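I'd like to walk you through one model today, so let me put it up on the screen.

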Amino acid sequence: MKNFFEENERALYTPESIFNRFDFEGGEIPGHALEKFVKAISLLPHDIIDYAINYCAFIGEISENSSYWDFDIGYLKGKNGIIILNSNLWSRKDICINFLIAHEMAHAINRDKHIFDSWGPEKRADRLAIKWLSKHYKKEDLLKQASYLKLKN
Ligand SMILES: [Zn+2]
């Protein structure tokens with residue numbers, strides 16, 4: 001009973017409601033990519049969606065070579081991590097976009113540092129992304145996206 005309201009709130013998670021809960025300053029994710037971005041977030045478990053909204057900053061790169069963003073540093077206040085998404089991502093297949101965002105969210109949840117000295121954190125992130133997306137995709141299709149799991153060590 002104690003989680004009744006919370007559970008109902010969570011049942012209302014749709015790409016639209018998730019979009020409304022993100023405090024985008026404007027321009028962090030290019031306009032043409034917003035729909036795909038929010039859809040990818042909506043496929044994750046609810047507690048991971050909460051974490052993405054409350055503790056992660058997202059930046060969708062606009063150009064391949066160099067970029068400039070004008071945003072208030074307050075956007076980063078209280079965030080635990082920044083996820084930067086490559087501008088080439090948005091033209092890829094949906095499963096690729098969704099897997100990559102799940103993989104980066106796994107790093108965020110694991111509080112991985114930016115530089116790794118082994119493939120361990122990458123493999124862990126791939127495994128978590130497969131677990132989270134297994135409701136939406138066949139495991140064999142997710143495994144094809146999990147490039148780090150194919151590495152020997
Ligand atoms: Zn990674």
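So, reading from the N terminus, the elements go α-α-α-α-β-β-α-α-α. That comes to seven helices and two strands. Keep in mind that this is a predicted model. There are 153 residues in the protein, and 21% of them count as buried. If you take contacts between residues at least 6 apart in sequence, 67% of those join residues at least 24 apart.

Let's start with the core. The largest nonpolar core has 23 residues, and the ones touching the most other members are Ile41, Ile101, Ala102, Met105, Ala106, Ala129 and Leu133. Which elements give two or more residues to this core? They are helix 3, at 34-42, strand 1, at 56-60, and then helix 5 and helix 6. Helix 5 supplies the largest share, eight residues.

With that in mind, on to how helix 5 packs. Take helix 5, residues 94-110, against helix 6, residues 120-133: the axes come within 8 Å and cross at roughly 120 degrees. The cut-off for roughly perpendicular stops at 115, so helix 5 is oblique to helix 6. The crossing is right-handed. On the helix 5 side, the contact uses Asn98, Phe99, Ala102, His103, Ala106, His107 and Asn110. Facing them from helix 6 you have Pro121, Arg124, Ala125, Asp126, Leu128, Ala129, Trp132 and Leu133. By class, that contact has nine nonpolar, four polar and two charged residues.

Leaving out residues up to four places away in sequence, Ala129 touches Phe99, Ala102, His103 and Ala106.

Now the other partner, helix 4, residues 46-55. Helix 4 and helix 5 pack at about 80 degrees, with the axes 11 Å apart, so these two are roughly perpendicular to each other. Helix 4 brings Ile48, Tyr51 and Ala52, and helix 5 brings Met105, Ala108 and Ile109. What's the make-up of that contact by class? Six nonpolar, no polar and no charged residues.

Next, Trp132, which sits in helix 6. Is Trp132 buried or exposed? It has 21 other C-beta atoms within 10 Å, so Trp132 is buried. Setting aside its neighbours within four places in sequence, Trp132 contacts Leu44, Pro45, Ile48 and Ala102.

Two loop residues before I stop. Arg111 is in the loop between helix 5 and helix 6. Most residues other than glycine have a negative phi. Arg111, though, has a positive phi, near 55 degrees. Arg111 has 10 other C-beta atoms within 10 Å, so it's exposed.

The other one is Asp23, in the loop between helix 2, at 15-21, and helix 3. Asp23 counts as exposed too, because it has 11 C-beta neighbours inside 10 Å. And where Asp23 and Asn54 are concerned, they're 31 residues apart along the chain, with their C-alpha atoms separated by 9.0 Å.

That's my tour, so over to you.

Key. Residues are numbered from 1 along each chain as its sequence is written. This is a predicted model: local features need pLDDT of at least 70, side-chain atom pairs count only at pLDDT 80 or more; totals for chains, interfaces and linings use all residues. Axes are lines fitted to C-alpha atoms, for helices over the stretch in contact, and angles run from 0 to 180 degrees between N-to-C directions. Helices (H or I, at least four residues) and strands (E, at least two) are DSSP runs, numbered from the N terminus. Angles under 35 degrees count as roughly parallel, over 145 as roughly antiparallel, 65 to 115 as roughly perpendicular and the rest as oblique. A crossing is left-handed if the near helix is turned anticlockwise from the far one by less than a right angle, and right-handed if clockwise. Two residues are in contact if their C-beta atoms, placed from the backbone, lie within 7 Å. Ala, Val, Leu, Ile, Met, Phe, Trp, Tyr, Cys and Pro count as nonpolar, Asp, Glu, Lys and Arg as charged, and the others, Gly among them, as polar. A residue is buried if 20 or more other C-beta atoms lie within 10 Å of its own, exposed if 12 or fewer, and partly exposed in between; C-beta atoms are placed from the backbone. A nonpolar core is a set of buried Ala, Val, Leu, Ile, Met, Phe, Trp, Tyr and Cys residues joined through C-beta atoms within 7 Å.
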